[in-house]
Amino acid sequence: MITKNIKHNMVVLAMGCGVAFTTVGCNDFLDVLPLNEVVLENYWTKKSDVTSVLMGCYESLAAGESVTRMGLWGEVRSDNVKMGNSSSQDLEQMLKENILPTNNYCNWTAFYQTINRCNTVIHYAPQVQAIDPNYTQAEMKANIAEATFIRSLCYFYLIRTFRDVPFTRKPSIDDTEEYRIPADSFNVVLGNIIADMEAVKDDAQMYFRKPKSDSNVRDAAELENTARVTRPAMYALLADLYLWKGDWDKCIASCDYVISFKQEEYDKLLKRRLQNEVQLFNDIPLYLEEISSISGYAYNAIFGQGNSFESIFEITYDNSNSSNPTNSYVGSFYSHRNNNALTSGNLVTVEEFYKGLPQKKTDLFDTKDCRAYENIYENGKSYWIAKYSSQSTRIEKTTSTWRPAYSWRSSDFASWIIYRLTDVMLMKAEALVEQGSDKYQDAFDLVNAVNRRAVNSKTPGTGEVLTFADFKNSLDDMRTLVMDERHRELMFEGKRWYDLVRMARRTGSTKSLAKTVTQKQLTNIGGIQIRLADPNALYFPYFRNELKVNPYLKQNPAYNTGGDDDLEKN
């Protein structure tokens, strides 16, 4: 909420210490003056002041209100999920496509809190660098790049969810600023955050902890390279932004930067200690799914252990102390342990994705696609979400069946992955498809590399389940190839609804989206499809409280049925 009545006292900003990192100076600010006599300039005097508030940006991004919205906004309206054991009316109405301005999941405050923290770092860091000789210009620029990434990511979530949103780069630090501002259009905000990212993309650090080329054991400190914003993370976000803009050349160039980085990292630093775990698929290093006839290794490295070789940026939770913040989204909405008993989360998935495996393939998964068994847990006639919830998954194969066995997390410290290598590969494939038929083969090769890993096709031409001839004849078929692979690979990672919206924007039609997402509905299918025929309905309404405090906001016309008077009465 960008209004005076929710401005954040700088004490709160200064107290933010990163979830996954150790910082200094978090209490210094509190020792200076009484809370009602705080002078900001007395705080922003040294490098550790900037670092402390920057870590607060990460902490704010990892907060339950933020991560829950990342997951729900990207999944609930898609075809991936339906109601589990939740009694939440807000969740139930979202699943029924009956979203009202009073629904609490329309509340965007958590993201604007994070944005304000980032704006504060970007505002004060240059001032600190000018007076602290121990704070170098390179360190300052790297800190600003991190804050810019986090701010841009928050705005990116906001425009994909609400379309038009208020945009500001100014921090809310005193009462002289006016923060009741109109919403800017999707394209204006997208252009702004692209410009912001381009300006600082090469200022971010390549490594926080550089891997040792002579070591056979991965240094735990290296995990910080994916738990904080590095230069490859900057390019991954830029690739996503350009994909939504429709700038295929720049999307591909950004993807190539990330892919090349991973190739070089594998060749120069990690090949010796990953040679039995990683294989090149289409010249891109990916974890093997099967090792010693047991499948599930890639899942265990990427989602079980977390901060893996394939990771680019993920929100990391520190499990060294049970009192530390947890990933409450996964803990509440996906399968979880409750009093040592496994229960479904507030969300489950639809049976059509899994039912019949491994005897016959489904519309989405081949019988030997490991992701089906890693993503979904079959419990009688229910299909629970296993991704993230399982600490490790072991798939034993016999001649007649596959037997998945799960080791469920005992605590909710699963990392939440924002970008990983296969996501970037599929972004590039999507952009290549849009460049024309002469790029179809290159796009297919990327998709097939991701798919081959999942079905344990270690040798090209052996055990593959995708065939170029089945897709090469039309743009629609190639788009389907890429979207289906993203569906399989990124299921339950908060991506699916946004993928469907992006394609609807590109084609100028919501018909395919409406048909896809209503397959899970049991009632009012026709009514929902009629509602989704309106492109405005692809986006959330503004939260009622926002409309009350910001007179410049005008409700999304798809939801503006009762007028402002009705909002006041409610």
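# Briefing on a predicted structure

S389 lies in the loop that separates β11 (382–385) from β12. The model in which this residue is placed is a predicted one.

**S389 and its surroundings**

- S389 is buried, its relative accessible area being 4%.
- From its side chain, S389 reaches the backbone oxygen of I385 at a distance of 3.5 Å.
- Apart from neighbours within four places in sequence, S389 makes contact with Y299, V330, Y334, S335, W408 and R409.

**The four-stranded sheet**

- Four strands form an open sheet in the order β4-β5-β12-β13, and their pairing is antiparallel.
- The edges are taken by β4 (290–291) and β13 (402–408); each has a single partner strand, so one side of each has no neighbour in the sheet.
- Strand β5 (residues 294–295) is joined to β4 by two bridges, and the two strands run antiparallel.
- Within this pairing, E290 has S295 of β5 as its bridge partner.
- Helix α12 (residues 297–305) packs on the sheet, where it touches β4, β5 and β12 (390–397).
- The direction of helix α12 makes an angle of about 175° with that of β12.

**The largest nonpolar core**

- In soluble globular proteins, nonpolar side chains tend to be buried together.
- The largest nonpolar core of this model holds 167 residues, and the members that touch the most others are F149, L158, L347 and W416.
- Helix α7 (residues 137–162) contributes the most to this core, supplying 14 residues.
- Leaving out residues up to four places away in sequence, L347 touches L72, V76, V81, K82, G84, L91, L95, Y329, F333 and I385.
- I385, one of the residues touched by L347, also has the backbone oxygen reached by the side chain of S389.

**Cysteines**

- The number of disulfides in the model is zero.
- For C118, the closest cysteine sulfur is that of C57, at 3.8 Å, which is too far for a bond, because a disulfide requires sulfur atoms within 2.5 Å.
- C118 is buried, with 0% relative accessibility.
- C154 likewise takes part in no disulfide, and the nearest cysteine sulfur, belonging to C118, is 6.1 Å away.
- C154 is also buried, at a relative accessible area of 0%.

Notes:
Residues numbered from 1 in each chain as written. Predicted model: local features only at pLDDT ≥ 70, side-chain atom pairs only at ≥ 80, totals over all residues. Heavy atoms only, no water. Core = buried A, V, L, I, M, F, W, Y, C linked by side-chain atoms within 4.5 Å. Buried < 20%, exposed > 50% of the residue type's maximum accessible area, 1.4 Å probe, protein only. Contact = heavy atoms within 4.5 Å. Pairing = 2+ DSSP bridges. Axes fitted to C-alpha atoms, helices over the stretch in contact; angles between N-to-C directions. Polar contact = N/O pair within 3.5 Å; in protein donor to acceptor, adjacent residues only side chain to side chain.
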